[in-house]
Amino acid sequence: MRITQGCFSFLPDLTDEQISAQIEYCLSREWAIGIEFTDDPHPRNTYWEMWGNPMFDLKDAKGVMMELDECRKLHGGKYIRINAFDDMRGFETVMMSFIVNRPAEEPRIDMVRTDVRSRSQSYSWRVAG
Amino acid sequence: MTDDQHTGDPGKAPPASVDLKAEFRSSGVAEILDELDRELIGLKPVKQRIRETAALLLVDRARRQMGLATETPTLHMSFTGNPGTGKTTVALKMAGLLHRLGYVRKGHLVSVTRDDLVGQYIGHTAPKTREVLKKAMGGVLFIDEAYYLYKPDNERDYGQEAIEILLQVMENNRDDLVVIMAGYADKMDRFFSANPGFRSRIAHHIEFPDYSDSELLRISETMLEAQNYRFDTDARRAMADYIGLRRAQPHFANARSIRNALDRARLRQANRLFESADGPLDAAALSTITEADIRASRVFSGGLDVDRAARAAAE
């Protein structure tokens with residue numbers, strides 16, 4: 001099942017050229033770029049593994065693409081995303097986040113209904129391998 | 001990643017002819033070369049080499065537009081010369097030049113030395129070097145005193161690791177960054193002969209000559225002018241004497257020595273004004289360096305320049 005998280009996730013996967021262009025945009029706004037990966041795409045899993053430190057003071061997208069290539073070499077079968085962090089006072093938050101790598105076969109996410117008190121139900125999601 | 005934004009649209013037919021003069025004007029290379037002529041005194045051979053390089057790159061770019069060449073030329077350079085001969089300044093201009101010609105995408109200069117590249121323990125060097133390389137992508141990486149990367153007397157030195165990463169990137173990312181290595185001529189020669197990989201990857205060797213005494217005097221005047229100071233006639237003569245004497249003494253660093261001397265002269269001038277003035281001072285007095293400010297230098301008594309600033313302050 002195709003995971004839709006972050007920007008562009010309803011579009012076809014971005015090519016490297018498109019990823020570079022997006023990173024160029026982020027760098028032009030002076031955002032710091034971080035690369036993260038995970039094998040658990042559950043929507044509540046906000047803590048992905050960091051690939052190295054976030055990258056500050058870059059001028060060109062190629063620097064990020066080098067790291068992304070390295071990360072793909074090791075974690076090609078996992079999800080990889082790129083986060084762009086704005087350190088501007090008042091924002092200090094991730095401004096853009098998009099998936100740049102997916103496993104060949106994505107896990108299914110099932111909805112689980114649980115009966116709780118007096119016939120009401122609670123819903124949750126489970127990543128089914 | 002587009003590697004050739006200047007080869008133009010693949011769908012567009014290559015132009016049948018090219019006007020190099022027009023290219024020269026429109027690319028903005030002329031401005032940089034003029035700037036170089038205006039701002040840098042002396043350095044004739046360097047300026048000549050840069051003109052030649054610019055011409056080569058311009059022709060190469062035209063050839064690529066016409067589909068005659070496809071390879072990115074090797075642009076890595078080595079700048080050799082004594083300290084204070086303007087290597088960093090020229091590297092900055094070179095970055096601008098390469099950017100105008102479209103050989104680097106961003107045209108910034110990242111200036112590093114051994115400490116920025118080589119780590120302190122096993123596994124520290126590679127990330128450190130990569131970090132610097134990432135920042136330099138799209139621009140020019142200027143490695144000052146590059147020969148310190150290689151320490152033959154210590155085989156466990158981590159410099160070798162940095163060298164290997166550098167070589168790899170210089171080869172694989174020729175479209176993305178240009179590396180300029182700088183240092184003393186003799187030490188650089190030894191460095192290149194011990195690391196043939198660098199020698200073969202560096203296309204342009206530019207030598208920076210020492211400045212002559214008259215050039216240094218002109219440099220000192222331009223430096224003062226930039227800070228709204230000036231010499232009076234006697235001070236100018238004293239400065240000429242100073243340059244002649246300073247050159248013979250150890251640790252002479254061309255324009256850098258001059259800058260330091262001027263800084264100290266300004267310090268003495270301030271002190272002189274502070275101690276001697278008992279009325280209001282006009283702008284001319286505040287911005288004139290006199291003979292006494294220069295002659296007080298320890299260089300005239302044959303001494304080293306160590307703690308001269310402290311002495312001047314105590315005077």
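**Close-up views of a predicted two-chain model**

View 1. In the largest nonpolar core, which holds 51 residues, the ones that touch the most other members are B:Leu98, B:Val140, B:Val179 and B:Ile180. Helix α4 of chain B (residues 87–100) supplies the largest share of this core, with six residues. Apart from this core lies another one, made of 24 residues, including A:Ile19, A:Phe37, A:Leu68 and A:Val100. Please keep in mind that everything shown here belongs to a predicted model.

**View 2. The neighbours of B:Ile180.** Which residues does B:Ile180 touch, not counting residues up to four places away in sequence? Look for B:Met77, B:Phe79 and B:Ala91, and then for B:Met94, B:Val140 and B:Phe142.

**View 3. The five-stranded sheet of chain B.** Follow the strands of this open sheet in the order β2-β3-β4-β1-β5, and you will find that the pairing is parallel. At the edges sit β2 (109–112) and β5 (204–208) of chain B, each of which pairs on one side only. From one strand to the next, the twist averages 20 degrees. Now zoom in on β2(B) and strand β3 of chain B (residues 140–144): four bridges join these parallel strands. Here B:Val112 has B:Ile143 of β3(B) opposite. Helix α4(B) lies across β1 (77–81), β2, β3, β4 (178–183) and β5 of chain B, and runs at about 165 degrees to β3(B).

**View 4. An annotated stretch of chain B.** An unreviewed UniProt entry carries the annotation "domain: AAA+ ATPase" for residues 73–212 of chain B. This span is 43% helix and 18% strand, and its end C-alpha atoms lie 35 Å apart.

**View 5. The four-stranded sheet of chain A.** This open sheet has antiparallel pairing, and its strands come in the order β2-β1-β3-β4. The edge strands of chain A are β2 (49–50) and β4 (93–101), each pairing on one side only. Strand β1 of chain A (residues 32–38) runs antiparallel to β2(A), and two bridges join them. Helix α2 of chain A (residues 61–75) lies across β1, β3 and β4, running at about 10 degrees to β1(A).

**View 6. Where chain A and chain B touch.** How many residues does each chain bring to the contact? Chain A brings twelve residues and chain B brings eleven residues. On the chain B side, five are charged, four polar and two nonpolar.

Key
Residues are numbered from 1 along each chain as its sequence is written. Chains are lettered from A and ligands numbered from 1 in the order in which they are written. This is a predicted model: local features need pLDDT of at least 70, side-chain atom pairs count only at pLDDT 80 or more; totals for chains, interfaces and linings use all residues. A nonpolar core is a set of buried Ala, Val, Leu, Ile, Met, Phe, Trp, Tyr and Cys residues joined through C-beta atoms within 7 Å. A residue is buried if 20 or more other C-beta atoms lie within 10 Å of its own, exposed if 12 or fewer, and partly exposed in between; C-beta atoms are placed from the backbone. Two residues are in contact if their C-beta atoms, placed from the backbone, lie within 7 Å. Two strands pair if DSSP finds at least two bridges between them. Axes are lines fitted to C-alpha atoms, for helices over the stretch in contact, and angles run from 0 to 180 degrees between N-to-C directions. Ala, Val, Leu, Ile, Met, Phe, Trp, Tyr, Cys and Pro count as nonpolar, Asp, Glu, Lys and Arg as charged, and the others, Gly among them, as polar. UniProt positions are given in the numbering used here, feature names are shortened, and annotations may be inferred rather than shown by experiment.
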